[in-house]
Amino acid sequence: MKKLGFMFTIGAFLHPTQITNENLDKGNYHFYIIASSTIKHFDGSYLKDNQIVFKVTDNSEVKEFAMPNPDKCKVISYDFKYTDPSQENIIASFEVDNNGKIEKYSNVTYSASELWHLFSYERNFQIEYIGQSFAKDGHRTALERLSNHSTLQKILADALVSSPKKDIRIFLLGAENIDVSKIDLNSKTPIISFQDSPEILNAEYVNLLEAFLINYFKPKYNQKFVNGVVPTSSHNSYKNVMNSDYDEFVVSVGILGSKYLYNLRTDTQTVSVERGFIKEHVHVSFDTANVVADEYIYSFDDSK
């Protein structure tokens with residue numbers, strides 16, 4: 001059986017305000033996922049063992065996060081105020097004893113959602129949209145694709161009026177062709193380090209993977225590739241892959257060096273990645289290649 005295997009790694013995790021960072025175009029990112037989670041709120045804070053501890057809630061549970069203290073400073077006084085009635089942010093002022101030297105800090109802002117994402121072990125996200133940042137010439141343009149992205153702006157606008165409000169984040173993904181004969185697909189598989197291989201992962205493979213991800217998860221804001229089946233011979237955007245006599249391809253999700261549990265879900269599917277290990281592999285048969293799906297000729301501009 002001839003198999004085509006791919007593995008994904010999450011290369012960057014961003015707040016939408018960070019998409020103008022020029023370093024984004026230095027990474028090997030083929031895809032992006034716009035995802036959401038419930039806005040987090042502060043439920044109080046206190047001092048414990050000379051450290052500030054924040055209580056943060058997502059309206060279903062409360063977690064406590066002690067602020068890291070690499071310099072072993074002792075917080076000797078602390079005060080705070082909320083910046084808004086919803087208690088999404090705190091402005092804190094405090095004094096610390098730094099080896100006998102008293103230091104004062106004023107108007108330090110903390111975000112409940114940022115603390116949750118930084119320190120919470122389990123991280124749950126709803127996938128809202130999937131797109132690719134891999135142009136026809138092979139150049140990755142994550143910054144260009146997202147800076148003026150109309151769907152991202154629509155998602156951000158909807159998030160502000162949703163109930164409960166949503167916190168929007170962006171995952172940038174890299175992908176690599178793998179030899180599936182060399183990994184055990186029935187057990188947890190360590191994530192390996194990937195090198196950029198554009199001669200293997202060319203535009204048609206990227207098109208296939210984008211179509212598969214959209215068809216598998218069916219995110220709310222995607223329109224193309226949601227209906228029908230993927231892969232299919234009715235999609236011209238990856239027809240050479242369809243003509244390569246593959247029997248099956250395998251898609252895996254991993255996070256290189258991660259210490260956390262990520263749950264990425266939509267209304268139809270959930271994928272979990274724990275401590276950098278793959279928890280699910282998706283096997284897709286090419287036997288359905290003759291099933292006609294929604295007609296669509298791929299255009300890179302349609303990712304907007």
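Tyr 105 is partly exposed, with a relative accessible area of 36%; buried denotes under 20%, exposed over 50% and partly exposed the range in between, for a 1.4 Å probe and protein chains only. The structure is a predicted model, in which local features need pLDDT of at least 70 and side-chain atom pairs count only at pLDDT 80 or more, while totals for chains, interfaces and linings use all residues. Residues are numbered from 1 along each chain as its sequence is written, and side-chain values use heavy atoms, leaving out hydrogens and water.

**Aromatic pairs**

- Rings of Phe, Tyr and Trp (its six-membered ring) pair if their centres lie within 6.5 Å; planes under 30 degrees apart count as stacked, over 60 as edge-to-face and the rest as tilted.
- The count by this rule is 12 aromatic pairs.
- For Phe 65 and Phe 119, the ring centres are 6.1 Å apart and the planes stand at 35°, so the pair is tilted.
- This pair links distant parts of the chain, with Phe 65 in strand β5 (residues 62-66) and Phe 119 in helix α1, 54 residues apart; helices (H or I, at least four residues) and strands (E, at least two) are DSSP runs numbered from the N terminus.
- Phe 65 is buried at 6% relative accessible area, whereas Phe 119 is partly exposed at 33%.
- Phe 94 and Tyr 105 form a stacked pair, 5.4 Å centre to centre with 25° between the planes.
- Phe 94 lies in strand β7 and Tyr 105 in strand β8 (residues 101-111), 11 residues apart; Phe 94 counts as buried at 12% relative accessibility.
- Ring pairs also join Phe 42, Phe 54 and Tyr 110 into a cluster.

**Salt bridges**

- The whole structure contains 6 salt bridges, each defined as a side-chain nitrogen of Lys or Arg within 4 Å of a carboxyl oxygen of Asp or Glu.
- Glu 88 and Lys 165 form one of them, at 3.0 Å from N to O.
- Glu 88 sits in the loop between β6 (74-82) and β7 (89-98), and Lys 165 in the loop between α3 (150-161) and β10 (166-178), 77 residues apart.
- Glu 88 is buried at 14% relative accessibility, while Lys 165 is partly exposed at 34%.
- In the salt bridge of Arg 169 with Glu 114, the closest N and O atoms are 2.9 Å apart.
- Arg 169 belongs to strand β10 and Glu 114 to helix α1 (residues 112-119), so the pair ties together parts 55 residues apart in sequence.
- Arg 169 is buried at 3% relative accessible area, and Glu 114 is partly exposed at 29%.
- A network of salt bridges links Glu 114, Asp 167 and Arg 169.
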